Amino acid sequence: MHWMLLNSERLEMELQTIHSGTGDGQLVVPAGMTFMLQPLKFQGSCKSAPIFVQILGNLVASSKGNWKGDKDQWILFADIEGLVVEGDGEINGQGSSWWEHKGSRPTALKFKSCNNLRLSGLTHVDSPMAHIHINDCNYVTISSLRINAPESSPNTDGIDVGGSSNVVIQDCLIATGDDCIAISSGTSNIRISGIDCGPGHGISIGSLGKDGETATVENVCVQNCNFRGTTNGARIKTWQGGSGYARMITFHGITLDNVENPIIIDQLYNGGDSDNAKDHKSSAVEVSNVMYSNFVGTSKTEYGVDFRCSERVPCTDIFLRDVKIATASSGSGQVAQGQCLNVRGASTLAVPGLECLALTADMLSSPEQTCMLAQSVQPRTQPMQDPIWDFESRGKRLIVSNTILISFISLVTYIFGLLMENF
């Protein structure tokens with residue numbers, strides 16, 4: 001392995017050549033070599049489109065003691081249309097020198113205002129803070145990444161998405177000290193699939209509403225994901241005193257292995273200390289139209305489902321369908337327990353069952369959720385369409401609209417009534 005000190009100014013010059021349109025639109029970090037790199041910023045808008053950055057070798061950040069420049073992020077791409085970053089190389093943030101530092105710590109790789117972005121194939125290791133941050137981007141595809149940091153590393157989220165829309169994240173292996181994926185305010189049309197998460201804090205919507213923030217998240221699908229030894233599985237977390245909404249969210253086809261909180265909505269988040277949240281009547285981010293379907297596996301604790309919602313702004317239209325969670329410690333498949341506070345909705349074929357969720361007609365007439373995933377990892381040029389329910393049943397793919405379901409049930413009820421009249 002050859003080591004080189006890659007001068008950040010020189011690399012910026014190479015990127016600026018691409019930016020000006022005088023280059024061929026490609027930058028290659030060669031295989032078999034490791035480059036030390038100080039903080040780097042590449043700012044658009046560029047005349048060369050698309051721009052390809054191929055990382056085949058290894059990029060290693062300077063340690064905290066040798067760090068020079070911006071502490072918000074290590075590598076920043078901003079205002080670039082049609083950016084492609086891919087390869088089988090490694091991005092190493094050398095985070096261990098930062099993790100005990102209480103001040104500002106840099107995100108390893110940040111994309112800001114980069115539309116039609118594609119990121120694939122790379123290995124991301126030991127970021128000082130979050131590994132990847134997607135902010136204010138539209139039409140993004142992230143695929144086939146490996147993200148790894150120790151379970152004890154603080155705030156080392158795998159992928160953070162904020163202020164962005166039409167984002168696909170698929171087929172990634174993520175092991176971190178915090179959220180594998182976190183979806184923050186200003187996001188919509190997010191598709192997540194094929195994620196193997198653990199250790200870590202699961203896949204989270206939020207946190208939302210901190211310091212009175214008005215937060216918005218909608219139309220999120222998390223499908224066919226595995227959680228192994230994580231502190232959470234499917235989580236929604238919001239602060240008291242916030243406002244706005246988190247709605248039209250689906251978690252489907254989830255496998256759990258010794259997960260501490262498999263399904264959790266925490267509207268009293270309080271920085272992870274919801275047990276000591278004081279003002280249950282304060283304003284809150286409204287959580288509604290959330291579906292959990294086809295969950296199977298084990299909980300590390302006695303609880304498989306935990307809904308803690310606001311008294312003033314309860315969680316509404318919360319649905320469980322085909323959920324089976326046992327306790328990992330029982331060794332005999334003992335059913336996990338469920339608890340709920342200020343939540344309304346319905347469930348069917350759900351274990352654990354919750355008294356606060358009843359099987360009602362609302363289960364069939366609830367607003368349709370969106371859970372269709374892109375078949376390609378290419379950046380999208382057309383908006384995502386609003387599909388109807390898509391879920392698995394006995395190995396066969398079914399696409400069922402609410403209108404068809406309601407019509408079918410009405411027909412069955414009518415025929416049953418006729419039969420009863422003849423007896």
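Modeller: Begin with burial. A residue counts as buried when its relative accessible area is under 20%. Over 50% it is exposed, and in between it is partly exposed. Keep in mind that this is a predicted model.

Colleague: Is Tyr-139 buried or exposed?

Modeller: Compare its value with the cut-off. Tyr-139 has 12% relative accessibility, so it counts as buried. Tyr-139 sits in strand E14, which covers residues 138-143. Its backbone deserves a look too. Phi of Tyr-139 is positive, about 65°, although the residue is not a glycine.

Colleague: What is the phi of Asp-211?

Modeller: Asp-211 has a positive phi near 55°, and this residue is not a glycine either. Asp-211 belongs to the loop between E20 and strand E21 (214-228). Its relative accessible area is 74%, so Asp-211 is exposed.

Colleague: Which cysteine is joined to Cys-180?

Modeller: Cys-180 is joined to Cys-197, with 2.1 Å from S to S. This pair links distant parts of the chain, 17 residues apart. Cys-180 is in the loop between strand E17 (165-175) and strand E18 (181-183), while Cys-197 is in strand E19 (residues 187-197). Both Cys-180 and Cys-197 are buried.

Colleague: Is the link of Cys-180 and Cys-197 right-handed or left-handed?

Modeller: Look at the angle about the S-S bond. For Cys-180 and Cys-197 the angle is 85°, and the link is right-handed. Now turn to Cys-309 and Cys-315. Their angle is -95°, and that link is left-handed. The S to S distance between Cys-309 and Cys-315 is 2.0 Å. Cys-309 is buried, and Cys-315 is buried as well.

Colleague: How far apart are the sulfur atoms of Cys-340 and Cys-356?

Modeller: They are 2.2 Å apart, and the two residues form a disulfide. Cys-340 is in strand E28 (residues 337-341), and Cys-356 is in the loop between strand E29 (343-351) and helix H2 (362-365), so the link ties together parts 16 residues apart in sequence. The link of Cys-340 and Cys-356 is left-handed, with -135° about the S-S bond.

Colleague: Are Cys-340 and Cys-356 buried or partly exposed?

Modeller: Go back to the burial cut-offs. Cys-340 has a relative accessible area of 30%, so it is partly exposed. Cys-356 has 22% relative accessibility, so it is partly exposed too.

Colleague: One last feature. Which residues does a cis peptide bond join?

Modeller: Gly-206 and Ser-207 are joined by a cis peptide bond, with omega about 10°. Ser-207 is in strand E20 (residues 203-208). The bond from Val-351 to Pro-352 is also cis, with omega near 10°. Pro-352 lies in the loop between E29 and H2.

Terms used. Residues are numbered from 1 along each chain as its sequence is written. This is a predicted model: local features need pLDDT of at least 70, side-chain atom pairs count only at pLDDT 80 or more; totals for chains, interfaces and linings use all residues. Side-chain values use heavy atoms; hydrogens and water are left out. A disulfide is a pair of cysteine sulfur atoms within 2.5 Å. Helices (H or I, at least four residues) and strands (E, at least two) are DSSP runs, numbered from the N terminus. Buried means under 20% relative accessible area, exposed over 50%, partly exposed in between (1.4 Å probe, protein chains only).
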